[in-house]
Amino acid sequence: MSEIDWDALRAAARSAMVKAYVPYSKFPVGAAALTTTGEVISGCNVENASYGLTLCAECSLVSALTMAQAGKLVAFTCVDGAGNILMPCGRCRQLLSEHAAAGMILETVSGFKTMQEVLPDAFGPSDLIER
Ligand code: THU
């Protein structure tokens with residue numbers, strides 16, 4: 001925790017947020033994460049005229065993580081259009097969970113939390129094997 005530069009991570013999320021494509025909601029979101037390779041990966045929301053196809057900022061971040069082959073997520077933050085901390089939606093918690101490093105920390109509206117705290121008893125890859 002102490003070695004994580006949360007200010008830098010928030011700044012990266014804000015830089016991503018200004019790139020958001022949000023002609024419909026006008027609700028830009030930016031997300032950024034430190035990864036196990038030491039890289040900072042970010043993403044913004046990308047909306048669509050077919051509203052339900054909207055890609056959340058976390059979706060963009062996970063795609064960028066995969067393309068960069070940057071390992072797993074160590075620390076994550078997400079901001080709204082005002083630059084304030086935003087809680088990832090439920091679907092995005094599931095998305096993040098699949099790519100979380102052990103002990104991943106999220107900056108949330110109610111303080112720093114583990115993935116387990118924001119998505120208890122998550123369904124994950126092991127369920128596909130064990131059940
Ligand atoms: N949004 C995100 O990008 N991430 C979230 O975790 C919450 C919601 C976006 C989707 C949509 O473009 C806009 O915020 C309003 O819902």
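This section describes the aromatic pairs, a nonpolar surface patch and the salt bridges of a predicted model.

A search of the whole structure gives 2 aromatic pairs. One of them is formed by Trp6 and Phe112, whose rings lie 4.7 Å apart, centre to centre, with 50° between the planes. The arrangement of Trp6 and Phe112 is tilted. Phe112, at 39%, is partly exposed.

The rings of Tyr24 and Tyr51 also pair, with their centres 5.5 Å apart. Their planes meet at 50°, so this pair is tilted, since an angle counts as stacked under 30 degrees and as edge-to-face over 60. Tyr24 and Tyr51 again join distant parts of the chain, being 27 residues apart. Both positions are in loops: Tyr24 in the loop between H1 and strand S1 (30–35), and Tyr51 in the loop between strand S2 (40–44) and helix H2 (57–68). Tyr24 has a relative accessible area of 37% and is partly exposed. For Tyr51 the value is 59%, so this residue is exposed, as the class begins over 50%.

Tyr24 and Tyr51 also take part in a nonpolar surface patch of about 500 Å². The patch is made by these two residues together with Tyr21, Val46 and Leu55. Tyr21 is located in the loop between H1 and S1. Its relative accessibility of 44% makes Tyr21 partly exposed.

Charged side chains were examined next. The structure contains 3 salt bridges. In one of these, the side chains of Arg10 and Asp7 meet at 2.9 Å, N to O. Arg10 and Asp7 are both part of helix H1 and are 3 residues apart, which is about one turn of the helix. Arg10 is buried, its relative accessible area being 17%. Asp7, in contrast, is exposed at 55% relative accessibility.

Arg10 also forms a salt bridge with Glu107, and the closest N and O atoms of this pair are 2.8 Å apart. Asp7, Arg10 and Glu107 are linked in a network of salt bridges. Arg10 is the residue that takes part in both the bridge to Asp7 and the bridge to Glu107.

A further salt bridge joins the side chains of Arg131 and Asp127, with an N to O distance of 2.7 Å. The accessibilities of the two partners contrast: Arg131 is exposed at 77%, whereas Asp127 is buried, with a relative accessible area of 11%.

Conventions:
Residues are numbered from 1 along each chain as its sequence is written. This is a predicted model: local features need pLDDT of at least 70, side-chain atom pairs count only at pLDDT 80 or more; totals for chains, interfaces and linings use all residues. Side-chain values use heavy atoms; hydrogens and water are left out. Rings of Phe, Tyr and Trp (its six-membered ring) pair if their centres lie within 6.5 Å; planes under 30 degrees apart count as stacked, over 60 as edge-to-face and the rest as tilted. Buried means under 20% relative accessible area, exposed over 50%, partly exposed in between (1.4 Å probe, protein chains only). Helices (H or I, at least four residues) and strands (E, at least two) are DSSP runs, numbered from the N terminus. Patches are made of residues with over 30% relative accessible area and no salt bridge: like charges are joined within 9 Å, nonpolar side chains (Val, Leu, Ile, Met, Phe, Trp, Tyr) within 5 Å. Accessible areas come from the Shrake-Rupley method with a 1.4 Å probe; for residues, only the protein chains shown count as cover. A salt bridge is a side-chain nitrogen of Lys or Arg within 4 Å of a carboxyl oxygen of Asp or Glu.
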